[in-house]
Amino acid sequence: MNDTIAPTAPVTLYQRVMGGDFDRLSSPVARFHRLAGPQVLHGQVQVQAPASLLGRVLAWGLGAPQQAGQGAIRFELDATPGAEVWTRIFPTRTMRSTLREAPGFVEEHMGAARLLFGLSAVECGRLEMRLVRMRFLGLPCPRWLQPAIVARETGQGDDELHFEVQATVPWIGRVVAYQGHLRVPAGP
């Protein structure tokens, strides 16, 4: 009789933050957020330019694309137990952010901004990220100036993660907007 216990995969950032809600995600979305170590994914993306000159300045401060375009996207993930580094290589720009756990939330450090997100699984296994709080240049952003953010991920078929991200700042307009998909490797 073999009493050896098979090793279990470490619990990832999104699994820890979402708890049991993680199991409600569609298969491609859950597989994406279970990835560990260095990973490279490929897909397609469509980027919209910032809506104003000040929007372009803010996009530059975040490391976000400043020009409209579409084409291939390369997504590099380095997921460790303590943090995930996301590098999005768009056709016209590379944008990097670091995600860490804040009790019950995910904190994303992107350029001059620190964004605190609540995560939830909604209908059809979609993941929604809701902005709770933001700091810019180390200063808390007042609620009346906080951007409206759309951040969604859905699964399509067995291997596609579809994403939609948009940030609009009051009186400035769209700062960041992109959507597309990544091919997610098959699970173990």
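Predicted model: local features only at pLDDT ≥ 70, side-chain atom pairs only at ≥ 80, totals over all residues.
Reader: Is C124 buried or exposed in this structure?

Author: The class rests on relative accessibility, with exposed residues lying over 50%. For C124 the value is 76%. By that cut-off C124 counts as exposed.

Reader: Is C141 buried or exposed?

Author: A residue is called buried when its relative accessible area is under 20%. The relative accessibility of C141 is 16%. C141 therefore counts as buried.

Reader: How many disulfides does the count come to?

Author: A disulfide is a covalent bond between the sulfur atoms of two cysteines. The test applied here asks for a pair of cysteine sulfur atoms within 2.5 Å. By this rule the number of disulfides is 0.

Reader: How far apart are the closest N and O atoms of E107 and R114?

Author: E107 is partly exposed, at a relative accessible area of 25%, and R114 is partly exposed as well, at 34%. A salt bridge requires the side-chain nitrogen and the carboxyl oxygen to lie within 4 Å. E107 and R114 form such a bridge, and their closest N and O atoms are separated by 3.6 Å.

Reader: E128 forms a salt bridge with R152; how many residues apart in sequence are the parts that this pair ties together?

Author: The closest N and O atoms of E128 and R152 are 3.4 Å apart. E128 belongs to strand β7 (residues 126-136) and R152 to strand β9 (residues 148-156), so the pair ties together parts whose separation in sequence is 24 residues.

Reader: In which strand is E164, the residue that pairs with R152?

Author: E164 forms a salt bridge with R152, with 3.0 Å between the closest N and O atoms. This pair links distant parts of the chain, 12 residues apart: R152 is in strand β9, and E164 is in strand β10 (residues 160-169).

Reader: Which residues do salt bridges that share partners join into one network?

Author: R152 forms a salt bridge with E128, and E164 also forms one with R152. Salt bridges that share partners in this way make one network, whose members are E123, R126, E128, R152 and E164.

Reader: How many salt bridges does a search of the whole structure find?

Author: The pairs described above include E107 with R114 and E128 with R152. When the whole structure is searched, the number of salt bridges found is 9.

Reader: With which residues is R56 in contact, leaving aside its neighbours within four places in sequence?

Author: R56 lies in helix α3 (residues 53-62) and is partly exposed, with a relative accessible area of 34%. Its C-alpha atom is separated by 17 Å from that of L137, which is 81 residues away along the chain. Once neighbours within four places in sequence are set aside, the contacts of R56 are P50 and Q66.

Reader: Which residues make the nonpolar surface patch of about 290 Å²?

Author: One of the members, L53, is found in helix α3. L53 is exposed, with a relative accessible area of 60%. The patch is made by L53, L54 and V57.

Note on methods: Residues numbered from 1 in each chain as written. Heavy atoms only, no water. Buried < 20%, exposed > 50% of the residue type's maximum accessible area, 1.4 Å probe, protein only. Helix = DSSP H or I, 4+ residues; strand = E, 2+ residues; numbered from the N terminus. Contact = heavy atoms within 4.5 Å. Patch = residues over 30% accessible without salt bridge, like charges linked within 9 Å, V, L, I, M, F, W, Y side chains within 5 Å. Areas by Shrake-Rupley, 256 points an atom, 1.4 Å probe, with all protein chains shown as cover.
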